[in-house]
Each structure stands twice: as structure tokens, then as C-alpha cells.
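Hi,

Here is the structure I promised to send over. My notes on what turned up follow below it.

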Amino acid sequence: MAEPSWQEQIRLRLAERNVKQNAFASIIEQYRRLAQQTKLLKERNASLLKAVGSVRTNPSSSTVYIPGTTSGEDNPVRAAYMVSLESQISSLRDELASVYKTQGQNAQRLLAMNETLREKEEISRIDSENLRRTREEIERLRKKVDQHNELMTEKDRTAQVLHDEINTLQLELGQIEERNQILTRDNAKLLQRWLDDKQSQANKMNEAMDFYEDMRSRHQAVVNWRGEDGSPESGSGAVSGNGVRSGEGTQATMTDGQRSQLETGLDRSPNG
């Protein structure tokens, strides 16, 4: 989780302050050592001046060192110089000890830094590998996104084509339904006309049959009347007054509402 902006600014400012303070650390350390050596030299000079002053106040003491003599301890200048040298040696030893200590600390820090550097290199290698894998994954995902975009584009085109086809089919379906309605109305009209025609034909046939029965009954009455008057008996070869045999009327047929031959013959009879 990312830190807030104000915390990041404080951290950066503290890091800048540490860099500025550590920039003059070596110079400050050198000035500290120089001040320490100056203090030691001042103390040695003071002790030497003090020894010289004591020699001047005591003229009986010899200020000249003669080699081979054992009375060097009685020379205050030499004693002061020895004290100064011992103090300088002690300070140098302390400084050498501090240098050794600093060297050991630096060596320890160097080992720690080497270990840290090795860990950082390992972390960097792992991060590089993860970065490489992440880039490969990103590239793979980009390819998949491109493929999906192409697929969606193709699907959109297909959907548009299907939509156009559906609209066309709906238009054709509307036209077909309209045509079916027209044909249904036409069929209903034709069926009604056919039924009316058949009904008319049936009525005409019924009328013809009624007329035929009426003519037949009349013909039979005529035949019976002639028989009572002494005329020849009616038979299969009997001829009516209009020249039609008596059996010819029974052979007449009806065809689609038109009059048969019998009806035509009957219409020509004098009794019709």
C-alpha cells in the first residue's frame, strides 16, 4: 500500500538532511583530530616553557645534556619532553586503537554490506525474473485482448448481418401474411361462390326433377285417358300424340342444371 504524500515528503526531507549532515563528517573528524593534537602540543609547549622557567630560576641545575651520564632524571626539560612524548605516544595508541576499532567496524560493516548486497542482488534477480514474467504475461494478455476485440468485432458484424436478415425476413413474413390474408379472403369468396353455384345447381336439379315428375304424371294421365277411349294400349312401342314413344321419357338424364332430352320433348308436347 502506498504511503500518503505528506509522509513521503517528510521521508525525503529527512533523507536530504542526513545527506547534507554526512557530507562534512570526514572534515569534522579531521578537525577534531587536529584540535586534539593542537591541545597536546599546547600542553607539551606549556610543560617545556614551565621547565625552562624552572631552570632559569635555579641556575645551579644544568641545562645541557651530556650523553653517558645518569643524571637525566634531574633535567627538568628532558623530563618535560619525556612526559610530552609519553602523552603523545598514549594519544597515538588511543588513536591507533580507535583506528583498529573503526577498521574492525568497517570490516564488519563491509561484510554486512556484502551480505546485504548479495541479498539485494538475489532480490533484484528475482524481481527481474518476475518483471520478465509479468511482461510476458502482459504481452500474452494484450494478444488475448486483441483477439477478443477482433472476435467481438466479428460478432458485431455477424450480429448486424443477422439483424439485417431478420428485418428482411420480418418484412417478407409481413408480406406473406398479408398475401395469406388476401388469399384467405379470396378463398372464402371462391368457396362462397362455389357453394352458391352448387346450391343453384341443386335447386335447378330439384326443379328439373319436380318438372320431370309433373310431366311424367301428365303423360301417364294422357296414356290412361287414351286407354279409356278405346285407343291402342300403351306399351313399349306406343307413340304419343306428338310422336314420342312412351318409353323414351324414362331414358332422359340431367346434366349440371340443364334440361334433359325428356324435358325438351315434354316442352314440345301439345299438353305442356
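Leu34 is partly exposed in this predicted model, with a relative accessible area of 48%. The residue sits in helix H2 and belongs to a nonpolar surface patch together with Phe24, Ile27, Ile28 and Tyr31. Together, the residues of this patch have about 550 Å² of accessible area.

Arg33, at 33% relative accessibility, is partly exposed, and so is Glu29, at 29%.

Now for helix H3. Here Arg157 forms a salt bridge with Glu154, where the closest N and O atoms are 2.3 Å apart. The spacing is three residues, which means about one turn of the helix. Both partners are partly exposed, Arg157 with a relative accessible area of 45% and Glu154 at 39%. Salt bridges with shared partners also link Glu129, Arg132, Arg133 and Glu136 into one network. Over the whole structure, the search finds eleven salt bridges.

Helices H2 (25–57) and H3 (76–228) each supply at least two residues of the lining, and the largest share, eleven residues, comes from H3. By class, the lining has nine polar, six nonpolar and six charged residues.

Happy to talk any of this through.

Best wishes

Methods:
Residues numbered from 1 in each chain as written. Predicted model: local features only at pLDDT ≥ 70, side-chain atom pairs only at ≥ 80, totals over all residues. Heavy atoms only, no water. Helix = DSSP H or I, 4+ residues; strand = E, 2+ residues; numbered from the N terminus. Nonpolar A, V, L, I, M, F, W, Y, C, P; charged D, E, K, R; others polar. Patch = residues over 30% accessible without salt bridge, like charges linked within 9 Å, V, L, I, M, F, W, Y side chains within 5 Å. Areas by Shrake-Rupley, 256 points an atom, 1.4 Å probe, with all protein chains shown as cover. Salt bridge = Lys/Arg side-chain N within 4 Å of Asp/Glu carboxyl O. Buried < 20%, exposed > 50% of the residue type's maximum accessible area, 1.4 Å probe, protein only.
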